[in-house]
Amino acid sequence: MTIHYFNPDHDIALAMNAARFTAPQAAREMRADLAFLPALWAEKGDTVIVDDIEAAQRLCNEQLPMLQPVVDYITLSQLPLKLGGKHTISIQPWGWDKALCQKLKEAGIPEESLPTIRQLNKIRDLSNRSLAVRLLDKLQETEGITGFSRLCDTYEQVILFLDQNKDIVVKAPWSCSGRGIRYIDIDTVNENSLNWIVNTLEQQRSIVAEKRCDKVLDFAVLFKTDNLGNVKYHGLSVFTTSNGAYMGNIIAPEEEKEAYICQYISADLLHDVTKRIEDFLTEQNDGAYRGYLGVDMMVCASKTPGKYLLNPCVEINMRRTMGHAALALANRGMRGMMNFTYGNGKHKVVITDEIQL
């Protein structure tokens, strides 16, 4: 039996690092509005945990009418009856954290089906943006690579990085996509940005500072682990953002996505970087995390007109991503765009036939 759960508050829960955690209202609303999302990648007979079964069925039918009703929706309170004393259960949440484990344990999931404390601590360490700094540094010597980042432990280190690089991005070690990030230019830096740096250092003890790139294209390489925790290539994700916040994904065959990316960089570079990331993350993971993950990248303009460079590690997401959702749709033979919208207090997934970047 495989049980799925969409917990978009996962990244915030990692920052809090507590078994008892109340997600912000915005995250709770997203979880309620999009609780049906795992039906995209679930297999026939799987179970999806939702807050409201009737609402999940209705929203899925409205927003993803191409899906057949192959999953069962249940609430957390119904889990004990569903389990029926079973002890061999596969749990596939959006991401693993202490708060989710506590919630599932209280709902009746046996401990042997949940990550251990050692695994949870390791997953949190791997989710710290400092891992992306180390990976980017390791890939720096490869021809065609760009990107420069550093982990800063003090306010003075951040200001020195700003002084040296002029236009930078600063990131909290743990935060959800599009949040916990500030773009700072030395000529326009303001008190709000400086206060944010101080507060983040007080709360999370460090900040990642990156030299800002001249971005041309956002994309990601998607991975999953095998039963031993070895990281393996799973597919590509080409997506759009607005002010650092995720907006939507291309739905297309793998060869079409690769061809789009390789208008700018060579396939050899993409494949070489992918293999090196597999090896690096497998070593770092040490068997702790079992599931899906993604590494966000950028194609960037260089100083030479018509020449492009690859920033191979903008983010490492040790969880499932929206790119995996788009990949699941592509595997169903679909082509187009998957966008996420917010209006009238509701989150929605919108699928269109036309690809727009």
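1. Leaving aside neighbours within four places in sequence, Gln63 is in contact (heavy atoms within 4.5 Å) with Leu34, Phe36, His347, Lys348, Val349 and Ile351. Gln63 sits in helix H3, residues 53-63. Helices (H or I, at least four residues) and strands (E, at least two) are DSSP runs, numbered from the N terminus. Gln63 counts as buried because its relative accessibility is 8%. Buried means under 20% relative accessible area, exposed over 50%, partly exposed in between (1.4 Å probe, protein chains only).

2. A word on the model. It is predicted: local features need pLDDT of at least 70, side-chain atom pairs count only at pLDDT 80 or more, and totals for chains, interfaces and linings use all residues. Residues are numbered from 1 along each chain as its sequence is written, and side-chain values use heavy atoms, with hydrogens and water left out.

3. Strand S1 is covered on both faces. Thr2 and His4 are buried on one side, Ile3 and Tyr5 on the other. S1 runs parallel to S4, joined by four bridges. Strands pair if DSSP finds at least two bridges between them. Ile3 stands opposite Ile91 in S4. S1 also pairs with S2 in the parallel sense, over three bridges. There, Tyr5 has Ile49 as its bridge partner.

4. Now helix H5, residues 98-106. Its buried residues are Ala99, Leu100, Cys101, Gln102 and Leu104. Their cover includes S1, H1, S2, S4 and H6. At the start of H5, a side-chain oxygen of Asp97 comes within 3.2 Å of the backbone nitrogen of Ala99. After H5 comes Gly108, with a positive phi near 110°.

Notes: A polar contact is a pair of N or O atoms within 3.5 Å; within protein, one must be able to donate a hydrogen and the other to accept it, and residues adjacent in sequence count only if both atoms are side-chain atoms.
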